[in-house]
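Colleague: I've got a new model open on my screen and I'd like to learn how to read it. Can you walk me through it, feature by feature?

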Amino acid sequence: MANVLVLLSDLHSGRSSSAVEVRLLRFWEARNVRRSGELMGVDMLLLDSQSTMMPATVNVNRLATHLTNLEEGSVYSLTGFEVTHCNQNYRLSDSSLLIRFTDSTSFKKVTEPAVPIPLESFRFRNYSEMLGLANSNNQLPDLIGEITAVKSTVTDPPQDKNRVMATIRMDNDTSVTMSLFDAQAVKIHNQLEQIGVDPRVVVATSVNPNIVGGRLFLNATSGTHIYFDKQTDAGERLFYRLVERDTGLPPVAPLLKSYAKVEKLSISELNDFVVTATYRVEMSIADETGEGLFVAFDGVIAKLHNMRAHEAANLLAGDDVNPEETDAPPFVRDLEGKSYTFQVKVGPYNFTANHQSFTISRILGEGERAPQPEFVEDGGDDDNGDDNDGAGLVRRKMKDGGCSKSAGPSAKSKKARKA
C-alpha cells in the first residue's frame, strides 16, 4: 500500500505512515561539546511546498545509510520516520516538531516533485526582533545585511582559539557584530581570502543573539551557514539594492543572464558587449626616480567602489571625449587621500619596451593584513639571485584621483577610462 502524501504541517507526534516531499535546505554535524566534540549525528532543515520548515535528525548509528545521499538543495521523498516534539531552546524553525530517522526510514531523491517546492527559505529578523531574542536561547534566527568590516585572528597555519568578527549593517543603519569561532572561523577566513573581492552582502543562518556590554552580538552555531552576495536569491536582491543606493543606477539582472538566450549577434554587437563587460583603471605614479603605470582590472578595482564593470563604465567619459578635459567620476574621486597596499604581478613582458606597466592583482585597505607571497613558476627568471618570481607589495596613497607614495612626493594625476 502506497504511503499517503501529506504536508509537514499535517504531521503529529508518533510514528508516521505517510510520505512527505521536502527540499533539504541545509545539514550539519551535531557534536557533543561536553564529550570533546563527539559526533552524535547529523541535523538538517527541511522545507515543503507550503514553505513550512521543520528540523530533522539522523543518529550517528544510521549515518552510514544516509550520509552519502544528502545533498543540500535536492528534493526527497521521506517515509518511515518518527515525529517528536523538539527542544524548545535553540529552535531552528517555527515548528514545534522534529523528524527522527529510524531504521525504517527511506529518504530518496525526487526529480519531479508532485508540487513545486521553493528553492530557499529563511527566518530573517530585524534589529529590534534580534534584541528581543537576545540572551533567551529560544530561537536561532537568520541574518541578512551589508558587510562593513571583518576582523580575523586566524593565522597560517591556524592556531587555537580562532575567531572571525564581521560588522553587519542591518535595517535602519543599525550594526551588529557576528562572531564565528574555531573551525567555522577558519573556513570563512579562507573563503574570504580566496574570493579576492570583498563581498558586500552576507546571509547567515541559525545565529544566537546575545547582548554583551550593551552591544548586540550574533554568535554562530553549529547550524550556521554563510552565503555571500548572490549565492542566494535573498542576498542577490539586497546586493542590487545596495548598488542602486550607491550609484543611482536602477538594479538590473546580472550582465550575463541577459545574454543567456540563444540569439544572433553581429560582430559589432558582440564587440559592444565585450567592451561594456571589460573595465580597467590606469594609475600613473611618479616620484623623484621615475614614473610607472599601474593597471587594475574588473575584480580588483571592484574592491574600491563595489560596482560591476559595465555600471562603472557608464559613468566614464565616452570614446569621443578627452578624459584629461573631464572630471573623474565620483567613485574615482572618492579614492583621494586613502592608502592602499597594491600586490602587483611582474613578469618578463614587463621589461619589454611596449609593456612597461604593472598589473595589480590585489588591493588591501588600510589596516588589512598583507597576504603571504605566493610564487608561481611561469617559466620566467628575474635573475636577481632570490626565489621571487616578481610578485610584490607596493604601498601607495591615493591623491587627486591617482596614487602617490605614502611618504614621498605627490604623484601625477590620473584618469579612469574604459579599455
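Colleague: Let's start with helix H4. Which strands does H4 lie across, and at about what angle does H4 run to S8?

Modeller: One thing before that: this is a predicted model. As for H4, this helix lies across S8, S9 and S11, and runs at about 75° to S8.

Colleague: And H3, which strands does that helix lie across?

Modeller: H3 lies across S8, S9, S10 and S14. Its direction is at about 110° to S10.

Colleague: How do I read the sheet itself? In what order do its strands come?

Modeller: The general idea is that strands of a sheet pair through backbone hydrogen bonds, in either a parallel or an antiparallel way. Here you have an open sheet of seven strands, in the order S12-S13-S10-S9-S8-S11-S14, and the pairing is mixed. S12 (208-212) and S14 are the edge strands, each pairing on one side only. From one strand to the next, the twist averages 40°.

Colleague: Take S8, then. How many bridges join S8 to S9, and over how many do S8 and S11 pair?

Modeller: S8 and S9 run antiparallel and are joined by six bridges. S8 and S11 are also an antiparallel pair, over four bridges.

Colleague: Which residues of H3 are buried, and what covers them?

Modeller: The buried ones are Ala185, Val186, Ile188 and His189. Their cover includes S8 (143-152), S9 (163-169), S10 (175-181) and S14 (226-228).

Colleague: What is isoleucine 168 in contact with, leaving aside its neighbours within four places in sequence?

Modeller: The contacts of isoleucine 168 include Leu143, Gly145, Glu146 and Ile147, and also Thr174, Ser175, Val176, Met178 and Val202.

Colleague: Now the charged residues. How many salt bridges are there?

Modeller: Side chains of opposite charge can pair when their charged atoms come close. In this model the count comes to nine salt bridges. One of them joins aspartate 103 and arginine 62, at 2.8 Å from N to O. Aspartate 103 is in S7 (residues 97-109) and arginine 62 in the loop between S5 (53-59) and H1 (63-66), so this pair ties together parts that are 41 residues apart in sequence.

Colleague: Are those two side chains buried or exposed?

Modeller: Aspartate 103 counts as exposed, at 69% relative accessibility, while arginine 62 is partly exposed at 24%.

Colleague: And what does glutamate 146 meet in a salt bridge?

Modeller: Its side chain meets that of arginine 245, at 3.3 Å from N to O. This pair links distant parts of the chain, with glutamate 146 in S8 and arginine 245 in H4 (residues 233-247), 99 residues apart. Glutamate 146 is buried, with a relative accessible area of 9%, whereas arginine 245 is partly exposed at 46%. Salt bridges with shared partners join Glu146, Arg169, Arg200 and Arg245 into one network.

Key:
Residues numbered from 1 in each chain as written. Predicted model: local features only at pLDDT ≥ 70, side-chain atom pairs only at ≥ 80, totals over all residues. Heavy atoms only, no water. Buried < 20%, exposed > 50% of the residue type's maximum accessible area, 1.4 Å probe, protein only. Helix = DSSP H or I, 4+ residues; strand = E, 2+ residues; numbered from the N terminus. Contact = heavy atoms within 4.5 Å. Salt bridge = Lys/Arg side-chain N within 4 Å of Asp/Glu carboxyl O. Pairing = 2+ DSSP bridges. Axes fitted to C-alpha atoms, helices over the stretch in contact; angles between N-to-C directions.
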